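Open the model in your viewer and keep the selection panel handy. The tour goes stop by stop.

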Amino acid sequence: MNSSESERPWHGGDLNLARIRFGHQQLIDFSANMNPLGPPPSVWRALTEHLPDIVHYPDPYARELCQALAEHLNISPANLILGNGSVELIYLLPRLASFKRAALPAPGFSEYDYAVRLTSTQCTYLYQTPPDYSWDLDRLKIAVAEGGLIFLCNPNNPTGALLSRDALNDLLEVLPSSALLIMDEAFIDFVDRAEEITLIPQAIKDPRILVLGSLTKFFSLPGLRLGYLVGSPDLINRLASLLPPWNINMLAQVAGVASLQDKEFIVRSRTFMTQTRQQLYELLADIPGLNPLPPTANFIFCHLSPELPNAPKVVELMGQRGFLLRDCSNYRGLDDHCLRLAVRRQEDNLAMAAALREVMARGM
Ligand SMILES: Cc1ncc(COP(=O)(O)O)c(C=O)c1O
């Protein structure tokens, strides 16, 4: 481990480390939230076909991918920049202007915090509180009205808290003209009727708003790194000037195009996820003390009852049984009794829920 590794936020999905820790080569990963149906079959074909092209530089402007993504999102390519994962773009945002203040969700994706703290911006936190971890809209409105650089995530990772269209309209009404709201929609493709809550139609014409998106989760491409920002053309141009050239590698470009063109995969994945997350939620809700929150995307947040073993212990016991879960105790605003579980295929979900029931029963 180098020194920066011990200081940076840690995340789910570190399979190499988990395999060593638990001595299991075949761990089933519920700690990172990928679409278990992906990647689309067309991606494998495109990658195989284009492997010989690694001897060339990739298209520096990823033109074909920008065009495909713009069509998918129903916007112009001028409203779009691509990142080496959406996380690359998160690190760009605090450099766009000098913000006195940033407001960040808590709990929330920890990279916002890390990226903002690299600048001299002062951080304040927008808390979602137990037992349901939903947003307190009145408090949120007051915080948004104060302006600065504001990160929100809809649906929020790790809680799944969802801001409705009405709530979003209320927030936009009080958002000052000098503020910049980043709406992270990394998981929105899994949400039912996502078209009603995405801020993309606002972001393309309103310089107060940028929407952050990712192909990582829905198309199951975390290893290729593909994210994007949607905004008004001026803002997008300023952001583009901060990016290094060739930030999207060639294999990511061809996989992105193939993914976005696979309409059958997109429809099938949405139907699958709506059904499967509900089935997993019902299984988990039946385990005493687990207290899962109703899911909105492709993961389920659980706040374990205090008399039960804590999340690190549950992760340990489940790891020994071959299932990797996400202990959420390193999220700001959470204690050590919070877990997050990805929704996987039904056979994996059943096996994991059975093991979890056993682990929890032992601890009671
Ligand atoms: C809410 C949220 N935003 C952004 C990211 C970064 O995703 P990527 O860089 O793979 O696009 C993650 C990853 O877990 C996330 O949970």
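The stops below cover a pocket, an annotated span and a strand with its neighbours. Keep in mind that this model is predicted.

**Stop 1: the pocket centre.** Select W10, H11, G12, G13 and D14. Of the 50 residues lining the largest pocket, these lie nearest its centre. The space in the largest pocket comes to about 1,500 Å³.

Stop 2: Select α2 (15-22). With six residues, α2 gives the most to the lining of the largest pocket. Other elements that give two or more residues include α1 (3-7), α5 (86-92), α6 (110-117), α13 (311-320), β11 (326-327) and β12 (338-342). What is the lining by class? It has 25 nonpolar, eleven polar and 14 charged residues.

Stop 3: Colour domain 1 (3-39 + 264-363) and domain 2 (41-262) separately. Both give residues to the lining of the largest pocket, so the pocket lies between them.

**Stop 4: the annotated span.** Select residues 26-354. An unreviewed UniProt entry lists them as "domain: Aminotransferase class I/classII large". The span is 37% helix and 16% strand, and its end C-alpha atoms lie 18 Å apart.

**Stop 5: strand β8.** Select residues 227-230. Are the faces of β8 buried or exposed? G227 and L229 are buried on one side, and Y228 and V230 are buried on the other.

**Stop 6: the neighbours of β8.** L212 has L229 as its bridge partner in β8.

Methods
Residues are numbered from 1 along each chain as its sequence is written. This is a predicted model: local features need pLDDT of at least 70, side-chain atom pairs count only at pLDDT 80 or more; totals for chains, interfaces and linings use all residues. Side-chain values use heavy atoms; hydrogens and water are left out. On a 1 Å grid over the protein atoms alone, a cavity is a set of points where a 1.4 Å probe fits but cannot get out, and a pocket is an open set with protein on both sides within 12 Å along at least five of seven lines; lining residues have an atom within 4 Å of a point. Grid points are joined across faces, edges and corners, and a volume is the space filled by probe spheres set on the points. Helices (H or I, at least four residues) and strands (E, at least two) are DSSP runs, numbered from the N terminus. Ala, Val, Leu, Ile, Met, Phe, Trp, Tyr, Cys and Pro count as nonpolar, Asp, Glu, Lys and Arg as charged, and the others, Gly among them, as polar. Domain bounds come from an automatic or database domain assignment. UniProt positions are given in the numbering used here, feature names are shortened, and annotations may be inferred rather than shown by experiment. Buried means under 20% relative accessible area, exposed over 50%, partly exposed in between (1.4 Å probe, protein chains only). Two strands pair if DSSP finds at least two bridges between them.
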